[in-house]
Amino acid sequence: MDGSLPSAQQPLQLSTNVGGIAHDPVASISAQRVPDPTTELNPEEPSSKPELPSSEVVQTTTADILQEESQPVTASVTEVPVSEWDALRASLRENPHDTEGWNKLVRLAEDSGDLEKIKEAYESLLKMYPNTWSAQIAYLNHFLVPGHFKFAEDHLFTRFLRTSPAVELWKFYLTYIRRINVDPSTRDIVRKAYEFALNHVGQDKDSGEIWSDYIQFLRSGETNSTWEEQQKMDALRKVYHRAVQIPLENVETLWSELETFENNLNRITAKKFLSDLSPSYMQARAVLRQLQRHLGPLFPPPPPSSPSRPYLYLPPKPTFNAAERALVGAWKGYLRWEESNPLEIDEQDRNTFVTRVQGVYRKAVIRMRFFGEIWYMAYVWTNSIGKTEEAINLLKAGIEANPMSFLLNFACAEALELQGNLEEVHKIFERFLEALRRDLDAHEARIVPSATSSTVSTGAMDALGSQSTEIIPANASFTTQTDEKPPQCKELAEKRQEYGLAWTVYMRFARRAEGLKSARTVFAQARRDKWTPWEVYESAAIAEYHLTKDVRTPTRIFEKALETFSDEVDLVAHYLGFLLSINDENNARALFERVIGTFPPDRARPLWERWARHEYQYGDLAAAQKLEKRMAEAYPNDPPIKRFAQRHTYHSTDAIAARDLGVAIVRQSSGTTSSGSWSNSLGRTDTQTSLLASVNTPQPTPTPTAPPTQHKRPSSPDHKRRDSDSHGPAQYKRARATSPPGRDRDRWDGHGSGRKRYNSPTWDRERERDVPPPRRGRDHEEEKAVNVPSVISWFVGTLPGPSAFDGPVFRTDDLMQVFRGAVIPSATSRSRSPPAVPPPRAGGGRPPPDYGPYQGPGGGRRRY
C-alpha cells in the first residue's frame, strides 16, 4: 500500500515513499520534534537588545550619579508604541502555556487577513502544541484556495497526517481528495486515499463515517461486465467484514447493511458468512459499550464558541489538583484496558492490535501532553513490542514537551545508555540540568529583589563600588559559591535538592559507563555550579570510598563541602556518621568538638544524639556521663530518666519503657503488638482505670481487667493509610474531664511539670503525638467545670480503640467517581408529568422497593 498523499497532479504509485510519507499499516507513534517555545517561538525576529557603539566612552562621576538619583531618566529616543500583536507575542514567549493567549494570537492573525501573519501564528502554536487537529484544520482552511493548493498538499498535509490520530483531520483530507478528484479516471486515487486513512485511523470508534463513505464510494462505482461486477461485490464484502469487527459508533448500522447485502446476493452463502462473523460482531458491540464508558470523562465537551471560528482546545499546564489527578487516573485505566486486548484479536492479526493501541497512545500524549507519566506509559508499551527506536523517539518528544521531567529524562538516558549511545546521554543530562538551572534562576528572581536596585538605593559610593564588582556567572568557582549563597526559601531549597539529584544521577551514569575518572569530571562541573547542594558532595564522597577503599579522598570532599555549607546540620551529621562508619574515631571526635559550638541547641540536637549513641555503645561510662552533663547544660528541660533510658537501649529494644513504664502491659491489654501504637492504648487504659476508680455508686461495675483479645479481628488494612493520607491540621479529641491531667508526663517529669522535651525517644514522641496542645485561661476553666456522669464515664472508658474497627472503608475517590458518573435529570425532563404513583396495597404499608438499575431521565434509553 502506498503511503503518499493522493493528489490531482500526480497519481499514487506503489512505492514505499511518495510525498514524504512512507505508508506503513502499523502507524508510528513517534511525535514531531518540538523546539523549545521559550527560545524558538519566533526565530526570524532580530534581537531587540540595544548595543553600545564601541567608539563611545561613558564617563561617570559621583555628581552624575547623584543627579541621576534625584531626577528621573528621560529617554533620548522616542519609543515606538508596541502593537497588540507584538505585545502578545512577547507575552507568549514568557508564558508559552497561556492557552487563552494562543487563541487570541490566532484571532488577531485571522482578523488581519495577512497570510504571513496567519502562517506565523499557526506555526508558532503548532510548535508548542503539535498534532492539535483543530488548529491544523483551521490552518489548512486558509490555504485550500486557488494558488495555494501546492503549499497545502506538499507542506501541510504531508506533515500533519504523518503522526496525527485525529479522525476529523483525516475526514478533512478525504474531503479535499474527493473535491479535486472528480473525474472517473481518478477513482483509484480516491480509493487509495480511503485505504490510506483507514489503515491509520480505521480502528477509532469515531471512524465509522469514513467506513460508511468508503462503502458508498465503492457501491457507486460503474461496471461494464460481469467480472467487474463480481470484483465490486468482493471489494464491498471485504470492507464490510473489516468494519463490523471494530467497535464503531455505527457498527450496528453496518451490520444491518451487511445482512441486507449478503441476502440480496445469495441467501445460502449469506448464512455462512454471517454466522462466521457473528461472534466478532457481538464482541465489538460489547466492547463499544465499555469503550464509551471509558472515553466519557476523557473528552469533555468543548466550551461554546462561534461556528465560524471554533475554540482551539490546548492542553493546559498541569497543576495536579484533584480533578487533574482523577483525569490522569482515568487515562491510565483506559490505556491499561486497551493493552489488555478487549477485542481478543488473534495473534495472527497482531498488526491490527498494535495499530489500535498505538493510535490510542498517540491520542493520549496529545491530550495529556504535559503529563510525563502518560509519555512513560507509551514508551514502556512501545518498547515491550520490540520497537525500541520508536520508544526512544517517544521519550525525546516527551522531553521536548516537558524539559524538566525527571521521569522522562532519566528514562531516556537509561534507554540510550543501553544502546551504547553515551554521547547522546551526556547531551540529555546537559540539557536537563540547563532547564533546571533556568527554572532556579527564574524562581530566585521572583523572590529576591534586584541586586542593582538595592545597590543604587544605598548611595553614590556604593554605586561606584558596584561598577568594579565582577558579575558572578552561574558556573562560578567553588570558592565563589561560598561567597554568594542562594536565598533561603523552602520551595527553592526543595528545587535545589532536586537539582542535586540530577547531578548525582549524572555522576552515576558517568561512573558505570565510562569509569571513575569520568564521574570525577562531572563532579568537578557540579562544584562550579552555585546551585549544587551538599548532597552532591556526599554522594561523590561515598562513591569514592566504596570504589577506591581510600578514606583520604572522601574526607577531603567532605571538608570542601563543610567549607561551603558550614551552616548545614544535616551535612555535618552525615559527615560524622561517615567517619564513625569507617572507625575513624579521632577525626569524628575532632569534627564534633569543632562544629558543635557553631549551631544553636535547637539545631544541634541531631549531632548530640549521634555522638551520644556512639559513646553509649563504644565509650566508657565516665565519658558517657560527662557527655550527658554537657547535654543537660544544652537542654536543661530534658528529664534525667530519658537520657538514662537511651543509654540502655539497643536498636528498638527498650526494656525500661516496656517494663518499668508499663508499655508492655498496655500492649497486652490493648491487643496491639507494635510499639508505635502504644500511646493511644495507654491513654485508653489509664482513662478506663481512672473512671472505674471514680465510680462510687452501687451500680454494677465490671472488673477492670484487660478485655479478651482472642476473638478480636485484625484492624482494617487501610487504617494507617487513612491516618497518613489525611490532610490539614491534626484533629485532636477533647480531653475527658475525669482523666488525670498530665498522666503520661508524670512518668518522665516526676511532678507533672509539663516541660517541653526535645527529640525524645520514639516511644516518648509517639506517646505525645495525639495529645492536644495545652489550654490556657478561660478554656482551661471551662474544661474543669465539665461534670460527666459516672455511668457515661464508665461506658466511654470501655469503648474499643480505633484500631479495633474492621468495617467497610469508603474511599473518597470512589465516591466522587460514582457522583461523577451519575445521570442527573435535567430541568427539561422534569417538565414532563411524573408517572402516577401506584395505590398502596390493601394491607397498608409502603410499596415494594424497586431494585432495578437507574435508567436516567430518558427512561430505558442509554445515554453516552
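Helix H8 (residues 167-180) has 14 residues and spans 20 Å from its first C-alpha to its last, close to the 20 Å expected at 1.5 Å a residue; the expected span is 1.5 Å times one less than the number of residues. Helices here are DSSP runs of H or I with at least four residues, strands are E runs of at least two, and both are numbered from the N terminus. The model is predicted: local features need pLDDT of at least 70, side-chain atom pairs count only at pLDDT 80 or more, and totals for chains, interfaces and linings use all residues. Residues are numbered from 1 along each chain as its sequence is written, and side-chain values use heavy atoms, leaving out hydrogens and water.

**Around H8**
- Val-167, Leu-169, Trp-170, Phe-172, Tyr-173, Leu-174, Tyr-176 and Ile-177 of H8 are buried, meaning under 20% relative accessible area (1.4 Å probe, protein chains only).
- These buried residues of H8 pack against helices H6 (133-141), H7 (149-160), H9 (187-201) and H10 (208-219), where contact means heavy atoms within 4.5 Å.

**H11 meets H12**
- In H11, Met-233, Leu-236, Arg-237, Tyr-240, His-241 and Ala-243 meet residues of H12 that include Val-251, Leu-254 and Phe-261.
- The residues of this H11 and H12 contact divide into 9 nonpolar, 1 polar and 3 charged; Ala, Val, Leu, Ile, Met, Phe, Trp, Tyr, Cys and Pro count as nonpolar, Asp, Glu, Lys and Arg as charged, and the others, Gly among them, as polar.

**The whole chain**
- The protein chain holds 41 helices and 0 strands.
- Of its 864 residues, 39% are buried.

How values were computed:
Buried means under 20% relative accessible area, exposed over 50%, partly exposed in between (1.4 Å probe, protein chains only).
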